[in-house]
Amino acid sequence: MSQAEPVADKNKDVRIRIVQEIIGSEISYQKHLQLLIERFAEPLKKNALIPSALYDSLFGSLEPISAVGRELLSSLQRGLVVEAFLQLGPFLKLYSSHAYGLRFGQRALQELEEKNDALRHFIKRQEMLPIMQGLKLPALLITPIQRIPRYKLLLEELLSHTDPSSPQMELLRAAIRSVGRSADHLNDSLAEQEALQQMLQLQQRLRGLSVVVPGRRLVKEGPVMRVQGSHRVRPCHLVLLSDLLLVCHTLAGQKLECVWAMPVQHCNLERLLRGLMKISCKEQSFLFYTEQPGEIDRWIMAIETASRTYRENRQTLRRESSACSPMNRATMKRKHMDHPNTPLSPSRTPIVVKKTLAMPHSPSVKKALFSCFQAPVRRILTPNKVFPIDSHFGSPEKRPPTEATNWVLCQLGQARDDSFQECSESNV
(Lines give C-alpha, C1' and ligand atoms only; values in the text may rest on other atoms or scores of the structure.)
Protein backbone atom coordinates (compact mmCIF):
# COMPACT_ATOMS: atom_id res chain seq x y z
CA MET A 1 0.00 0.00 0.00
CA SER A 2 1.59 3.30 -1.14
CA GLN A 3 1.75 6.50 0.91
CA ALA A 4 -0.47 8.28 -1.63
CA GLU A 5 -3.45 6.04 -0.87
CA PRO A 6 -3.96 7.18 2.79
CA VAL A 7 -3.73 10.81 1.64
CA ALA A 8 -6.29 10.18 -1.11
CA ASP A 9 -8.63 8.44 1.36
CA LYS A 10 -8.27 11.32 3.81
CA ASN A 11 -9.05 13.89 1.10
CA LYS A 12 -12.08 11.87 0.07
CA ASP A 13 -13.41 11.85 3.63
CA VAL A 14 -12.87 15.61 3.92
CA ARG A 15 -14.65 16.20 0.59
CA ILE A 16 -17.64 14.15 1.78
CA ARG A 17 -17.76 16.17 5.01
CA ILE A 18 -17.62 19.48 3.09
CA VAL A 19 -20.41 18.42 0.72
CA GLN A 20 -22.55 17.38 3.69
CA GLU A 21 -21.87 20.73 5.32
CA ILE A 22 -22.93 22.57 2.13
CA ILE A 23 -26.19 20.61 1.97
CA GLY A 24 -26.89 20.85 5.71
CA SER A 25 -26.25 24.58 5.87
CA GLU A 26 -28.45 25.12 2.80
CA ILE A 27 -31.33 23.25 4.44
CA SER A 28 -30.98 25.40 7.56
CA TYR A 29 -30.76 28.55 5.42
CA GLN A 30 -33.96 27.68 3.57
CA LYS A 31 -35.78 27.13 6.88
CA HIS A 32 -34.70 30.57 8.07
CA LEU A 33 -35.90 32.15 4.81
CA GLN A 34 -39.31 30.50 5.22
CA LEU A 35 -39.56 31.76 8.80
CA LEU A 36 -38.75 35.26 7.61
CA ILE A 37 -41.37 35.11 4.85
CA GLU A 38 -44.16 33.32 6.70
CA ARG A 39 -43.79 34.83 10.20
CA PHE A 40 -42.83 38.38 9.30
CA ALA A 41 -43.11 39.40 5.64
CA GLU A 42 -46.57 38.03 4.88
CA PRO A 43 -48.29 39.20 8.12
CA LEU A 44 -46.71 42.65 7.86
CA LYS A 45 -47.99 43.04 4.32
CA LYS A 46 -51.44 41.61 5.11
CA ASN A 47 -51.98 43.90 8.11
CA ALA A 48 -50.29 46.93 6.48
CA LEU A 49 -48.12 47.52 9.53
CA ILE A 50 -45.32 49.15 7.51
CA PRO A 51 -45.36 51.36 4.39
CA SER A 52 -45.22 49.53 1.07
CA ALA A 53 -41.89 51.17 0.13
CA LEU A 54 -40.28 49.93 3.32
CA TYR A 55 -41.76 46.48 2.79
CA ASP A 56 -40.27 46.31 -0.71
CA SER A 57 -36.85 47.34 0.61
CA LEU A 58 -36.73 44.72 3.36
CA PHE A 59 -38.77 41.82 1.99
CA GLY A 60 -39.35 42.43 -1.73
CA SER A 61 -36.41 40.28 -2.91
CA LEU A 62 -37.00 37.31 -0.60
CA GLU A 63 -39.28 35.29 -2.89
CA PRO A 64 -36.89 35.15 -5.89
CA ILE A 65 -33.96 34.52 -3.54
CA SER A 66 -35.86 31.65 -1.94
CA ALA A 67 -36.75 30.20 -5.37
CA VAL A 68 -33.08 30.16 -6.40
CA GLY A 69 -32.17 28.57 -3.07
CA ARG A 70 -34.75 25.79 -3.47
CA GLU A 71 -33.43 24.95 -6.93
CA LEU A 72 -29.86 24.94 -5.61
CA LEU A 73 -30.79 22.64 -2.72
CA SER A 74 -32.57 20.25 -5.08
CA SER A 75 -29.44 19.94 -7.23
CA LEU A 76 -27.18 19.52 -4.18
CA GLN A 77 -29.32 16.69 -2.81
CA ARG A 78 -28.98 14.90 -6.17
CA GLY A 79 -25.19 15.06 -5.83
CA LEU A 80 -24.71 17.76 -8.49
CA VAL A 81 -22.65 20.10 -6.31
CA VAL A 82 -20.33 21.66 -8.89
CA GLU A 83 -22.98 21.67 -11.62
CA ALA A 84 -25.47 23.42 -9.31
CA PHE A 85 -23.17 26.35 -8.60
CA LEU A 86 -22.10 26.60 -12.23
CA GLN A 87 -25.72 26.85 -13.34
CA LEU A 88 -27.11 29.03 -10.56
CA GLY A 89 -24.04 31.14 -9.71
CA PRO A 90 -25.10 34.11 -11.92
CA PHE A 91 -28.55 34.18 -10.27
CA LEU A 92 -26.93 34.88 -6.90
CA LYS A 93 -26.63 38.51 -8.04
CA LEU A 94 -30.26 38.81 -6.91
CA TYR A 95 -28.85 39.20 -3.40
CA SER A 96 -27.55 42.68 -4.28
CA SER A 97 -31.01 44.24 -4.24
CA HIS A 98 -31.76 42.72 -0.83
CA ALA A 99 -28.44 43.96 0.55
CA TYR A 100 -29.11 47.51 -0.59
CA GLY A 101 -32.68 47.52 0.70
CA LEU A 102 -31.57 46.13 4.04
CA ARG A 103 -28.81 48.73 4.47
CA PHE A 104 -31.19 51.66 4.28
CA GLY A 105 -34.43 49.97 5.30
CA GLN A 106 -33.35 48.50 8.61
CA ARG A 107 -32.75 51.92 10.11
CA ALA A 108 -36.17 53.09 8.94
CA LEU A 109 -37.76 50.00 10.50
CA GLN A 110 -36.10 50.72 13.86
CA GLU A 111 -37.33 54.31 13.81
CA LEU A 112 -40.83 53.13 12.93
CA GLU A 113 -40.81 50.61 15.79
CA GLU A 114 -40.11 53.41 18.28
CA LYS A 115 -43.18 55.32 17.08
CA ASN A 116 -45.58 52.46 16.30
CA ASP A 117 -46.63 50.38 19.32
CA ALA A 118 -48.59 47.88 17.20
CA LEU A 119 -45.54 47.15 15.03
CA ARG A 120 -43.24 46.83 18.01
CA HIS A 121 -45.57 44.43 19.82
CA PHE A 122 -46.06 42.34 16.65
CA ILE A 123 -42.32 41.88 16.08
CA LYS A 124 -41.71 41.03 19.72
CA ARG A 125 -44.58 38.53 19.74
CA GLN A 126 -43.32 36.78 16.60
CA GLU A 127 -39.77 36.58 17.92
CA MET A 128 -41.05 34.84 21.09
CA LEU A 129 -42.68 31.98 19.14
CA PRO A 130 -41.15 28.53 19.94
CA ILE A 131 -40.55 27.86 16.24
CA MET A 132 -38.20 30.83 16.11
CA GLN A 133 -35.77 29.17 18.57
CA GLY A 134 -34.54 32.53 19.80
CA LEU A 135 -33.95 34.03 16.34
CA LYS A 136 -34.58 37.77 16.01
CA LEU A 137 -35.81 39.67 12.96
CA PRO A 138 -32.51 41.58 12.33
CA ALA A 139 -30.57 38.30 12.36
CA LEU A 140 -32.96 36.73 9.86
CA LEU A 141 -32.81 39.75 7.56
CA ILE A 142 -29.03 39.63 7.33
CA THR A 143 -28.86 35.87 6.69
CA PRO A 144 -29.07 36.09 2.85
CA ILE A 145 -26.16 38.58 2.70
CA GLN A 146 -23.93 36.21 4.66
CA ARG A 147 -24.74 33.28 2.41
CA ILE A 148 -22.71 34.12 -0.74
CA PRO A 149 -19.35 34.50 1.07
CA ARG A 150 -20.14 31.22 2.82
CA TYR A 151 -20.69 29.47 -0.53
CA LYS A 152 -17.32 30.68 -1.79
CA LEU A 153 -15.44 29.60 1.34
CA LEU A 154 -16.94 26.09 1.25
CA LEU A 155 -16.18 25.67 -2.47
CA GLU A 156 -12.59 26.85 -1.99
CA GLU A 157 -12.18 24.37 0.85
CA LEU A 158 -13.56 21.66 -1.42
CA LEU A 159 -11.07 22.65 -4.12
CA SER A 160 -8.12 22.41 -1.72
CA HIS A 161 -8.95 18.74 -1.07
CA THR A 162 -9.55 17.79 -4.71
CA ASP A 163 -6.99 15.80 -6.68
CA PRO A 164 -5.41 18.10 -9.33
CA SER A 165 -5.82 15.33 -11.91
CA SER A 166 -9.55 15.02 -11.23
CA PRO A 167 -11.88 15.97 -14.12
CA GLN A 168 -13.90 17.98 -11.57
CA MET A 169 -10.99 20.35 -10.90
CA GLU A 170 -11.60 22.80 -13.76
CA LEU A 171 -15.37 22.72 -13.27
CA LEU A 172 -14.89 23.47 -9.57
CA ARG A 173 -12.62 26.42 -10.38
CA ALA A 174 -15.25 27.75 -12.80
CA ALA A 175 -17.94 27.40 -10.13
CA ILE A 176 -15.80 29.36 -7.66
CA ARG A 177 -15.27 32.11 -10.25
CA SER A 178 -19.02 32.27 -10.88
CA VAL A 179 -19.84 32.60 -7.19
CA GLY A 180 -16.96 35.07 -6.79
CA ARG A 181 -18.39 37.31 -9.52
CA SER A 182 -21.71 37.36 -7.68
CA ALA A 183 -19.92 38.25 -4.44
CA ASP A 184 -18.02 41.05 -6.22
CA HIS A 185 -21.28 42.30 -7.73
CA LEU A 186 -22.81 42.39 -4.26
CA ASN A 187 -19.88 44.36 -2.84
CA ASP A 188 -19.74 46.73 -5.82
CA SER A 189 -23.48 47.41 -5.62
CA LEU A 190 -23.22 48.21 -1.93
CA ALA A 191 -20.25 50.50 -2.58
CA GLU A 192 -22.10 52.33 -5.36
CA GLN A 193 -25.21 52.79 -3.26
CA GLU A 194 -23.11 53.99 -0.33
CA ALA A 195 -21.38 56.51 -2.62
CA LEU A 196 -24.75 57.73 -3.91
CA GLN A 197 -26.03 58.09 -0.36
CA GLN A 198 -22.99 60.18 0.56
CA MET A 199 -23.56 62.43 -2.47
CA LEU A 200 -27.24 62.89 -1.57
CA GLN A 201 -26.31 63.84 1.99
CA LEU A 202 -23.75 66.32 0.65
CA GLN A 203 -26.35 67.77 -1.72
CA GLN A 204 -28.67 68.44 1.20
CA ARG A 205 -25.92 70.48 2.89
CA LEU A 206 -24.89 72.49 -0.20
CA ARG A 207 -26.83 75.69 -0.78
CA GLY A 208 -27.81 76.67 -4.32
CA LEU A 209 -25.61 74.16 -6.15
CA SER A 210 -26.37 70.79 -7.74
CA VAL A 211 -23.53 68.26 -7.67
CA VAL A 212 -25.22 64.84 -7.96
CA VAL A 213 -24.43 63.19 -11.29
CA PRO A 214 -23.98 59.49 -12.21
CA GLY A 215 -20.52 58.21 -11.38
CA ARG A 216 -19.47 61.14 -9.19
CA ARG A 217 -18.22 60.19 -5.73
CA LEU A 218 -17.34 61.98 -2.53
CA VAL A 219 -13.65 61.29 -1.91
CA LYS A 220 -12.82 63.44 1.12
CA GLU A 221 -14.05 66.47 3.02
CA GLY A 222 -13.01 68.40 6.07
CA PRO A 223 -12.26 71.79 7.63
CA VAL A 224 -9.09 73.72 6.76
CA MET A 225 -7.84 77.30 7.10
CA ARG A 226 -7.46 79.44 3.98
CA VAL A 227 -4.75 82.10 3.83
CA GLN A 228 -5.94 85.24 1.99
CA GLY A 229 -3.47 88.05 1.58
CA SER A 230 -0.64 88.60 4.02
CA HIS A 231 -2.58 88.83 7.31
CA ARG A 232 -6.01 87.35 6.62
CA VAL A 233 -6.94 83.78 7.55
CA ARG A 234 -10.42 82.34 7.16
CA PRO A 235 -11.82 78.90 8.08
CA CYS A 236 -13.36 77.01 5.20
CA HIS A 237 -14.45 73.51 4.25
CA LEU A 238 -12.83 71.53 1.42
CA VAL A 239 -14.92 68.96 -0.45
CA LEU A 240 -13.07 66.66 -2.84
CA LEU A 241 -15.25 64.90 -5.40
CA SER A 242 -14.01 62.45 -8.01
CA ASP A 243 -13.84 65.27 -10.60
CA LEU A 244 -14.13 68.54 -8.66
CA LEU A 245 -12.55 70.26 -5.68
CA LEU A 246 -14.97 72.58 -3.88
CA VAL A 247 -13.93 75.37 -1.52
CA CYS A 248 -16.88 76.11 0.77
CA HIS A 249 -17.83 78.41 3.61
CA THR A 250 -19.63 76.85 6.57
CA LEU A 251 -23.07 78.28 7.35
CA ALA A 252 -25.50 77.75 10.20
CA GLY A 253 -26.89 74.26 10.62
CA GLN A 254 -23.82 72.62 9.02
CA LYS A 255 -24.86 74.00 5.63
CA LEU A 256 -22.19 74.75 3.03
CA GLU A 257 -21.87 77.52 0.47
CA CYS A 258 -19.45 76.78 -2.37
CA VAL A 259 -17.27 79.79 -3.25
CA TRP A 260 -14.84 78.09 -5.65
CA ALA A 261 -15.07 74.95 -7.81
CA MET A 262 -11.94 73.57 -9.48
CA PRO A 263 -11.57 70.67 -11.95
CA VAL A 264 -9.25 68.16 -10.31
CA GLN A 265 -7.39 67.41 -13.54
CA HIS A 266 -6.09 71.01 -13.60
CA CYS A 267 -5.14 71.21 -9.91
CA ASN A 268 -1.41 71.45 -9.23
CA LEU A 269 -0.30 70.95 -5.63
CA GLU A 270 2.76 72.15 -3.79
CA ARG A 271 3.75 71.46 -0.19
CA LEU A 272 5.26 74.74 1.08
CA LEU A 273 5.78 74.20 4.79
CA ARG A 274 4.70 71.65 7.32
CA GLY A 275 0.90 71.81 7.39
CA LEU A 276 0.71 74.29 4.46
CA MET A 277 -0.14 73.53 0.83
CA LYS A 278 -0.67 75.58 -2.31
CA ILE A 279 -3.26 74.58 -4.91
CA SER A 280 -2.98 76.18 -8.35
CA CYS A 281 -5.71 75.85 -10.97
CA LYS A 282 -5.19 77.83 -14.17
CA GLU A 283 -4.58 81.42 -13.05
CA GLN A 284 -6.03 80.93 -9.56
CA SER A 285 -3.95 80.01 -6.50
CA PHE A 286 -5.07 79.05 -3.00
CA LEU A 287 -3.17 78.53 0.27
CA PHE A 288 -4.54 76.14 2.88
CA TYR A 289 -3.18 74.94 6.19
CA THR A 290 -4.26 72.87 9.13
CA GLU A 291 -2.76 72.27 12.55
CA GLN A 292 -3.80 68.62 12.58
CA PRO A 293 -0.62 66.53 12.08
CA GLY A 294 -0.44 64.81 8.70
CA GLU A 295 -3.78 66.17 7.46
CA ILE A 296 -2.25 68.30 4.68
CA ASP A 297 -0.30 65.25 3.46
CA ARG A 298 -3.52 63.28 3.36
CA TRP A 299 -5.22 66.05 1.39
CA ILE A 300 -2.38 66.20 -1.13
CA MET A 301 -2.43 62.43 -1.59
CA ALA A 302 -6.23 62.38 -2.01
CA ILE A 303 -6.26 65.21 -4.59
CA GLU A 304 -3.37 63.76 -6.58
CA THR A 305 -5.02 60.33 -6.61
CA ALA A 306 -8.37 61.79 -7.70
CA SER A 307 -6.68 63.80 -10.48
CA ARG A 308 -4.72 60.80 -11.73
CA THR A 309 -7.78 58.53 -11.65
CA TYR A 310 -9.88 61.10 -13.50
CA ARG A 311 -7.28 61.46 -16.28
CA GLU A 312 -6.93 57.69 -16.62
CA ASN A 313 -10.69 57.25 -16.89
CA ARG A 314 -10.88 59.98 -19.53
CA GLN A 315 -8.35 58.29 -21.81
CA THR A 316 -10.97 55.98 -23.28
CA LEU A 317 -13.52 58.80 -23.75
CA ARG A 318 -13.54 62.01 -25.76
CA ARG A 319 -10.69 64.44 -25.39
CA GLU A 320 -11.15 66.67 -22.36
CA SER A 321 -11.36 70.38 -23.05
CA SER A 322 -8.30 72.28 -21.86
CA ALA A 323 -10.53 75.28 -21.16
CA CYS A 324 -11.91 73.83 -17.93
CA SER A 325 -11.33 76.64 -15.42
CA PRO A 326 -12.00 77.34 -11.75
CA MET A 327 -15.29 79.08 -10.97
CA ASN A 328 -15.95 81.56 -8.20
CA ARG A 329 -19.21 82.02 -6.33
CA ALA A 330 -20.60 84.71 -8.63
CA THR A 331 -20.01 82.57 -11.72
CA MET A 332 -21.67 79.53 -10.18
CA LYS A 333 -24.71 81.61 -9.18
CA ARG A 334 -25.11 82.89 -12.75
CA LYS A 335 -24.77 79.35 -14.09
CA HIS A 336 -27.38 78.11 -11.61
CA MET A 337 -29.77 80.88 -12.67
CA ASP A 338 -29.33 80.04 -16.37
CA HIS A 339 -29.51 76.27 -15.83
CA PRO A 340 -31.07 75.52 -12.41
CA ASN A 341 -31.47 71.80 -13.14
CA THR A 342 -27.98 71.21 -14.56
CA PRO A 343 -25.41 69.74 -12.13
CA LEU A 344 -22.00 71.34 -11.86
CA SER A 345 -19.61 69.71 -14.34
CA PRO A 346 -15.90 70.26 -15.02
CA SER A 347 -16.20 69.25 -18.68
CA ARG A 348 -18.13 72.44 -19.52
CA THR A 349 -16.82 74.83 -16.88
CA PRO A 350 -18.28 78.29 -17.55
CA ILE A 351 -16.51 81.61 -17.22
CA VAL A 352 -17.75 85.17 -16.83
CA VAL A 353 -17.31 87.43 -19.84
CA LYS A 354 -15.88 90.64 -18.40
CA LYS A 355 -16.36 93.01 -21.31
CA THR A 356 -19.39 94.08 -23.29
CA LEU A 357 -19.52 92.38 -26.67
CA ALA A 358 -20.34 94.72 -29.54
CA MET A 359 -23.12 93.33 -31.68
CA PRO A 360 -22.61 93.85 -35.45
CA HIS A 361 -25.08 96.26 -36.96
CA SER A 362 -25.88 94.32 -40.11
CA PRO A 363 -29.42 92.84 -39.81
CA SER A 364 -28.47 89.89 -42.01
CA VAL A 365 -25.55 89.04 -39.74
CA LYS A 366 -27.75 89.26 -36.64
CA LYS A 367 -30.31 86.96 -38.18
CA ALA A 368 -27.65 84.48 -39.23
CA LEU A 369 -26.15 84.40 -35.74
CA PHE A 370 -29.39 83.72 -33.92
CA SER A 371 -30.69 81.17 -36.40
CA CYS A 372 -27.52 79.20 -37.11
CA PHE A 373 -25.81 78.89 -33.74
CA GLN A 374 -26.89 76.70 -30.88
CA ALA A 375 -28.07 78.16 -27.60
CA PRO A 376 -24.69 78.21 -25.75
CA VAL A 377 -23.18 80.42 -28.46
CA ARG A 378 -26.23 82.67 -28.63
CA ARG A 379 -25.75 83.60 -24.99
CA ILE A 380 -22.50 85.44 -25.73
CA LEU A 381 -24.53 88.06 -27.60
CA THR A 382 -25.83 89.32 -24.24
CA PRO A 383 -23.29 91.28 -22.15
CA ASN A 384 -21.99 89.76 -18.90
CA LYS A 385 -23.68 86.40 -19.44
CA VAL A 386 -22.11 83.03 -18.72
CA PHE A 387 -21.14 80.75 -21.58
CA PRO A 388 -19.11 77.54 -21.97
CA ILE A 389 -15.70 78.17 -23.49
CA ASP A 390 -15.98 75.01 -25.59
CA SER A 391 -19.29 76.03 -27.21
CA HIS A 392 -19.68 74.54 -30.65
CA PHE A 393 -21.28 75.76 -33.83
CA GLY A 394 -24.25 74.20 -35.52
CA SER A 395 -24.08 71.45 -38.13
CA PRO A 396 -21.94 72.15 -41.27
CA GLU A 397 -24.95 72.83 -43.43
CA LYS A 398 -26.11 75.57 -41.03
CA ARG A 399 -22.89 77.53 -40.67
CA PRO A 400 -23.40 81.31 -40.96
CA PRO A 401 -21.87 83.65 -43.52
CA THR A 402 -18.17 84.46 -43.29
CA GLU A 403 -18.77 87.89 -41.74
CA ALA A 404 -20.74 86.41 -38.85
CA THR A 405 -18.29 83.57 -38.32
CA ASN A 406 -15.31 85.90 -38.18
CA TRP A 407 -17.08 88.23 -35.74
CA VAL A 408 -18.01 85.43 -33.31
CA LEU A 409 -14.55 83.84 -33.42
CA CYS A 410 -13.00 87.23 -32.77
CA GLN A 411 -15.24 87.84 -29.78
CA LEU A 412 -14.60 84.34 -28.43
CA GLY A 413 -10.87 84.98 -28.61
CA GLN A 414 -11.20 88.28 -26.77
CA ALA A 415 -13.45 86.71 -24.16
CA ARG A 416 -10.88 83.96 -23.55
CA ASP A 417 -8.14 86.53 -22.97
CA ASP A 418 -10.25 88.66 -20.65
CA SER A 419 -11.87 85.81 -18.73
CA PHE A 420 -8.61 84.45 -17.36
CA GLN A 421 -7.75 87.65 -15.56
CA GLU A 422 -7.33 86.99 -11.86
CA CYS A 423 -10.52 87.59 -9.90
CA SER A 424 -10.17 89.93 -6.96
CA GLU A 425 -10.65 88.59 -3.45
CA SER A 426 -13.56 90.95 -2.99
CA ASN A 427 -15.68 88.75 -5.25
CA VAL A 428 -15.22 85.70 -3.04
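**Aromatic pairs, cores and salt bridges in a predicted model**

Ring pairs link Trp 260, Phe 286 and Phe 288 into a cluster. Rings of Phe, Tyr and Trp (its six-membered ring) count as a pair if their centres lie within 6.5 Å; planes under 30 degrees apart are stacked, over 60 edge-to-face, and the rest tilted. The model is predicted: local features need pLDDT of at least 70, and side-chain atom pairs count only at pLDDT 80 or more, whereas totals for chains, interfaces and linings use all residues. Residues are numbered from 1 along each chain as its sequence is written, and side-chain values use heavy atoms, with hydrogens and water left out.

The ring-pair rule gives four aromatic pairs. One of them joins Phe 85 and Tyr 151. The ring centres of Phe 85 and Tyr 151 are 5.3 Å apart and the planes stand at 65°, so this pair is edge-to-face. Phe 85 belongs to helix H4 (residues 81–88) and Tyr 151 to helix H7 (residues 137–160), so the pair ties together parts that are 66 residues apart in sequence. Helices (H or I, at least four residues) and strands (E, at least two) are DSSP runs, numbered from the N terminus. Phe 85 is buried, at 2% relative accessible area. Tyr 151 is likewise buried, at 1%. Buried means under 20% relative accessible area, exposed over 50%, and partly exposed in between (1.4 Å probe, protein chains only).

Trp 260 and Phe 286 form another edge-to-face pair, with ring centres 5.3 Å apart and planes at 75°. Trp 260 lies in strand S4 (residues 256–263) and Phe 286 in strand S7 (residues 284–289), so the pair ties together parts 26 residues apart in sequence. Both Trp 260 and Phe 286 are buried. A charge also sits over a ring: Lys 220 lies over the face of Trp 299, at 5.0 Å from the ring centre. The rule requires NZ of Lys or CZ of Arg within 6 Å of the ring centre and within 35 degrees of the ring normal.

In soluble globular proteins, nonpolar side chains tend to be buried together. A nonpolar core is here a set of buried Ala, Val, Leu, Ile, Met, Phe, Trp, Tyr and Cys residues joined through side-chain atoms within 4.5 Å. The largest such core has 53 residues, of which Phe 40, Phe 59 and Phe 85 touch the most other members. At least two residues of this core come from each of helix H1 (4–46), helix H2 (52–59), helix H3 (62–77), H4, helix H5 (95–115), helix H6 (117–127), H7 and H8. H1 gives the most, with twelve residues. Beyond its neighbours within four places in sequence, Phe 59 is in contact (heavy atoms within 4.5 Å) with Leu 36, Phe 40, Ala 41, Leu 44, Ile 50, Leu 137 and Leu 141. A second, separate core holds 23 residues, including Cys 236, Val 247, Met 262 and Cys 267.

Disulfides (pairs of cysteine sulfur atoms within 2.5 Å) number zero. The sulfur of Cys 258 has its closest cysteine sulfur in Cys 248, at 4.4 Å, too far for a bond. Cys 258 is buried, at 7% relative accessibility. For Cys 267, the closest cysteine sulfur is that of Cys 281, at 4.5 Å, again too far for a bond. Cys 267 is buried, with a relative accessible area of 6%.

Side chains of opposite charge can pair when their charged atoms come close. The structure holds twelve salt bridges, each a side-chain nitrogen of Lys or Arg within 4 Å of a carboxyl oxygen of Asp or Glu. Glu 21 and Arg 150 meet in one of them, at 2.3 Å from N to O. This pair links distant parts of the chain, with Glu 21 in helix H1 and Arg 150 in helix H7, 129 residues apart. Glu 21 is partly exposed, at 27% relative accessible area, and Arg 150 is partly exposed at 33%. A network of salt bridges links Arg 17, Glu 21, Arg 150 and Glu 157.

Other salt bridges lie within a helix. Arg 173 pairs with Glu 170, with the closest N and O atoms 2.7 Å apart. Both lie in helix H8, three residues and about one turn of the helix apart. Arg 298 pairs with Glu 295 at 3.0 Å between the closest N and O atoms. These two are three residues apart in helix H9 (residues 295–314), about one helical turn. Arg 298 is partly exposed, at 39%, whereas Glu 295 is buried, at 9%.
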